Structures are given as structure tokens and as C-alpha cells.
Amino acid sequence: MDRTSASSPEPSPLSPLSSSLKTVAVIGLGTMGTGISEVLARSGRDVVGIDVADSAAARATAVLGAALDRAVARGRITEEQGRQALARFRTSTDLRDAADADLVIEVVPENYALKHEVFTALDAIVRPTTILATGTNALSVTRLAADSARPERVLGLHFFHPVPAMQLVEVVSSVLTAPTAVTAVTELAQELGKEPLRAADRPGFIADGLLFGYLNQAAAMYESHYASREDIDAAMRLGCGLPMGPLALLDMIGIDTARTVLEELYAASGDRLHAPAPVLKQLAAAGLTGRKAGRGFYTYEAPGSEVVAADALTPAAAGGRAAGREVRTVGVAGSGTMASGIAEVFAKAGYRVVLAARSMEKAEAAKERIAGSLARQVAKGRLTPERREAVLAAVTPAGSLESFAEVDLAVEAVAEDLAVKRELFATLDKICKPGAVLATTTSSLPVVACARATSRPEDVVGMHFFNPAPAMKLVEVVRTVLTADDAHATVHAVCERIGKHPVDCGDRAGFIVNALLFPYLNSAVKMVQEHYASLDEIDEAMKLGGGYPMGPFQLLDVVGLDVSLAIEQALYQEFRDPGLAPAPLLEHLVAAGCLGRKTGRGFREHARA
């Protein structure tokens, strides 16, 4: 069909004002469609929700009513406003009821043929001035526009789940989209209380382009039996401050949807990090697509429920772990921030702590750092002065490792240099009493290499704390092939006593958190390197669209670009995956001495401390 034939009406100029978008049709009343309908109705728009299934329409009305009732109960809207919003929402199973809409937002399943069918049908139904938006997060907006009779009015409008809570909306235009259409929906997003971010048309856009590679790697990590689903999710929540673990998030998104997104990403990038993990195909083929099916990586109380139910993979409450060794005295080796933080944590939990450094002067300086930390807690009312004195009294500074002769647990927190750590462990082997557990806090080096520097590798375990140690709840417990059961159990028991959440992982580069975090950070650098998006756009996308506490470039500058590069190099050396090779831009910045906040310049300029 010739889309420029004389029989097609000539489109009239678009108004750039969002106020012209008074009536909106939402096609597809799943979770996303219902959420979009809610924010539109609450903004004063008339909304017609259209779905082929009567049950979906009925469910959407019930969900919307319940959401409005909660908003009233929490004092966010009045009872009258809730009634009015619900009255502005009606449902239909007939696409022709979109005829009077000023804007149509399509959120049917991620299937190009299905979306094409909807857009083709809409061409014959809606007015020439109507804007057609697709909610896709992976499929080509340009292709949908090119196949439409009105390509200048087709664009992407990608909301994030849960729609009422998440601030980001990605506005995606193709080379065919009229600027006035982009302006109109951008202003609409702002009126809805959202932060619109304009993105070019490529699979995943900005946020999902980074998010789904990370989710895929988490699925692959689980599939390889490297760590349990619970430990993977807890590690990323507690270690990175994320609102949800990756496997729980995959269940919420829908495993079938995630696989479609990854297929599109892989087709565009060829990056193995985007090649869907086989477990995603297996689960999707079995109909175990996540929350909506009642089962995915986790099992749920019912289809559509967010409440996780126990299943055969749920860890037993009692654990069944071997009995550990008694620990009364802990030695901490090191004088830096991590060493003093770890010593503080142990002392506050009631352990006697020996804090050893290369000199008594350095050890006393480390204890002074603990004193300052405790004083700040007293000032904030979190600690009494008496408790502060008791904690400080439990820490004994020492100028050599000879003071570790009677400790039950020795924890090293020295420089991240394998030669330095091996030398220290060889010394601990000679000094520490038989049966003492020897722990390394390394974040990227092989724990077994430290163990092999001793004559008792069965006593050596990884105990990776996160910075700042007093505040961060996570500890990655790294067991080598030589670690004894009771040494492993000892560290678990100690973690629980000091108020930390231990997660088990094997002895490979990155453990859980860094193995998932740093490829994501590296992908963000590549996105800037390719001029797809700016630092600010990417940081905002991940904070507003993913709920991340920091954007990737903010985090890189905080961690240190040299530290980040070293971890990425370790991951690349371990797995030899081309997708893990550090981005050249990161290497260039490190070579130039731009290391982040500590040097005053990284990806951004910073005031020196």
C-alpha cells in the first residue's frame, strides 16, 4: 500500500503543548498498562484501557481502584480525587474505542508481529493528529514507524515498573519522528511528575541497555551453581544498595520479556554479555516466566503475587552447617580505612581485637580513626559515651604481627597486592596458633593463592567486607577447594554475631558483587565512548529508571578509576570474554592520572578533599 497516496488525509500541525493530549488510549492492560493508566487518570486525563481479554480489563479496573484506595489511605489524594480518577478510566476490548484518543500508548507483549498488527490497525482508526507511542524497551521504534502510515507521529515512550513510583520515562524518537510529537509527549511526562529522558533508537535504549546485561550475567551465575539465588540477590541489594536483587527483578519483569530484550541486544551488539543465558530459555519454554506465572527463579504464593513462597530450593532455617571453632579474640592486620572499620565492627560485637600495623605509630593512628568514628556516633545519639569507651578499650594497637600469637581469627586488610598478601599469610602461618582461622578481605585476588602461602590452607577463607565496613551489611564468604568445613562455618557464625549478612561464593575473580557490578560499569563507559549518551543522561537513567543509589559514573569516580580498571582487568583475565575487556576510555583516563575524587578529576571534575 502506498502510504503517500492522495486517499490518505494530510496530517495537520501538531500542538507542542501536552494539554492537547487530553484523551489517552492504553493498549494492553497488563502490569505496565495498568500502571500507566493510573498515572494518566490521576493527572486528569480521560483514559480508555483496551485489551483483547475481558479478564484483563476487569483486573485492571480492580487494581486501579485498589491503588487509588491506598493513595487515599496514605493521604496522597483525597477521597473525591480518587473517585474522579477512577471515573476517568474505562475499559474496552475493541481497538476502535481508541478513535478519539489524542495519544495512544501501546504496551502489548514484546513481539514485533503483534505490535505491528496493533499499529497497522490503529492507522485506520485514529485521527491524523493522534500520536502513536510504543512502550517497547527493546524492539525498533524506527521499524514500527517506517511500517506505519504516519511515521512522523510514531515514537517510543518507555515507562519503568512500578509506573506510579518510578520517575524515569525514556522518550525515543526515530529519524522519522516529528519534533513537535517528541515535545508534546515530553511535556506530558513532566506533567505526570516524571523525568523524561530523550534517547536514540537502539535496543534497550539507555537504562535497559545497561540493566539487562547485568541481569543476564546474574542468571548465568545462578545457572552455573556458583551461588544460590538468595545469595546473589542479597549480595547485590546489600553490597550495592539496589532496591531488588537481579533474579527477583527478572521474575518481576518476566523471564520471557527479558529473553526477548536480550535477543535484540545481542543481535545489535554481538556482545556475549547479551547472549541470553540458557536458563532463561528453559524457564520461558516451561512457562515459568516469573511472578505473572507464579514461578520463575522463585516460587510465589499465586500467579501475579509478589509474595515469595518456600520451595525445594529455599535454604533450611537451621542451615545444617558444620560446627565452627570458638572465636574470642580477633586480629586485624592493616592500618587503612578498611582495617580500622573492620576492627571497629568486631570490637562493637564484643570481641577482643588486636589491630596490628607495620609500626606502633600507624596502629595507634588506626585506633584514633576508630575513636573518631565512635565519637560521631555518640554525637548522633547512636552510642552512649560509656559504650564508646568500652569499645575502644577492646581494641589493642600493635606494631607487628607477633601480637597475633593467641588470636582465634586473623583478618588481613592490607594492600590489594598478591605478593604483599602472600608474604603476610606466610608470616601468619608461623605466628598464629594451630586452629586459628586466617581470613583475607581481598575483593579480586585468588584466595587460594593466599592459602597456598601457608602450611594450613584448610584454615584460610575469604571474608570480603564492603566499605564502609561499620555501615555495610554484606560479607562475601569465599571458600576455596581447600577450606575446611569448620573454618567456613566459623566465619559464617562470626558474621552473624557482628550483625553482617554472609553470602557464600566460590574463589573466582569478582566473587558475586564485583563480577556483576563491574561489567555493568564497563558497559556504561563504552556507551559514552560510542557517543550514544552523556555521563549525566546515563547516571540519571540508572538512578531514576533502575533505582540505583548512584549512577555508574558517580560510582566509578568514588571507587577510583584505577581500582575499577584493576578489577575489570582481573575479570577479563579470569574469564577471557571479549565483552569484559576494559573500555579504552577508562584505560586512557587512568593513564592520564584522572582517577576520580581522590585526584580531583575522573569522569567529572571534583574538589580535592
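**Figure 1. The loop of Pro-468 in the predicted model.** Pro-468 is placed in the loop that runs between strand 16 (460–465) and strand 17 (474–479). This view, like those that follow, is taken from a predicted model. The peptide bond leading from Asn-467 into Pro-468 is cis. Its omega angle is near 0°.

**Figure 2. The cis peptide bond between His-161 and Pro-162.** His-161 and Pro-162 are joined by a cis peptide bond, for which omega is about -5°. Pro-162 belongs to the loop between strand 6 (154–159) and strand 7 (168–173).

**Figure 3. His-531, a non-glycine residue with positive phi.** Although His-531 is not a glycine, its phi is positive, at about 60°. The residue is found in the loop between helix 18 and helix 19 (535–546). His-531 has a relative accessibility of 72% and therefore counts as exposed, the cut-off for that class being over 50%.

**Figure 4. Arg-576, a non-glycine residue with positive phi.** Arg-576 is not a glycine, yet has a positive phi of about 55°. The loop that holds Arg-576 lies between helix 21 (561–575) and helix 22 (584–591). Because its relative accessibility is 55%, Arg-576 counts as exposed.

**Figure 5. The surroundings of Phe-297 in the largest nonpolar core.** The largest nonpolar core comprises 102 residues, and Phe-297 and Phe-404 are those with the most contacts inside it. Helix 18 (residues 513–529) contributes the most to this core, giving 11 residues. When neighbours within four places in sequence are set aside, the residues in contact with Phe-297 include Ala-219, Tyr-222, Leu-247, Leu-250 and Ile-255. Val-279, Leu-280 and Leu-283 are also among the contacts of Phe-297. In soluble globular proteins, nonpolar side chains tend to be buried together.

Figure 6. Arg-388 is part of helix 14 (residues 385–393). Leaving out neighbours within four places in sequence, Arg-388 is in contact with Ala-371, Leu-374, Ala-375, Val-378 and Leu-383. Ala-375 is 13 residues from Arg-388 along the chain, and the C-alpha atoms of the two are separated by 7.3 Å.

**Figure 7. The whole protein as the setting of the close-up views.** The fold contains 22 helices and 18 strands. With a radius of gyration of 28 Å, close to the 25 Å that the globule rule gives for 609 residues, the protein is as compact as a globular protein of that length. The C-alpha trace spans about 90 × 50 × 50 Å along its principal axes. Of the 609 residues, 52% count as buried. Among contacts between residues at least 6 apart in sequence, 69% join residues at least 24 apart. The accessible surface amounts to about 25800 Å², and carbon and sulfur atoms account for 53% of this area. The protein carries 61 positive and 72 negative charges, whose mean positions are 4 Å apart.

Methods. Residues are numbered from 1 along each chain as its sequence is written. This is a predicted model: local features need pLDDT of at least 70, side-chain atom pairs count only at pLDDT 80 or more; totals for chains, interfaces and linings use all residues. Side-chain values use heavy atoms; hydrogens and water are left out. Helices (H or I, at least four residues) and strands (E, at least two) are DSSP runs, numbered from the N terminus. The radius of gyration is taken over C-alpha atoms; the globule rule is 2.2 Å times the number of residues to the power 0.38. Buried means under 20% relative accessible area, exposed over 50%, partly exposed in between (1.4 Å probe, protein chains only). Contact means heavy atoms within 4.5 Å. Accessible areas come from the Shrake-Rupley method with a 1.4 Å probe; for residues, only the protein chains shown count as cover. Lys and Arg count as positive and Asp and Glu as negative; His and the chain ends are not counted. The place of a charge is taken as NZ of Lys, CZ of Arg, CG of Asp or CD of Glu. A nonpolar core is a set of buried Ala, Val, Leu, Ile, Met, Phe, Trp, Tyr and Cys residues joined through side-chain atoms within 4.5 Å.
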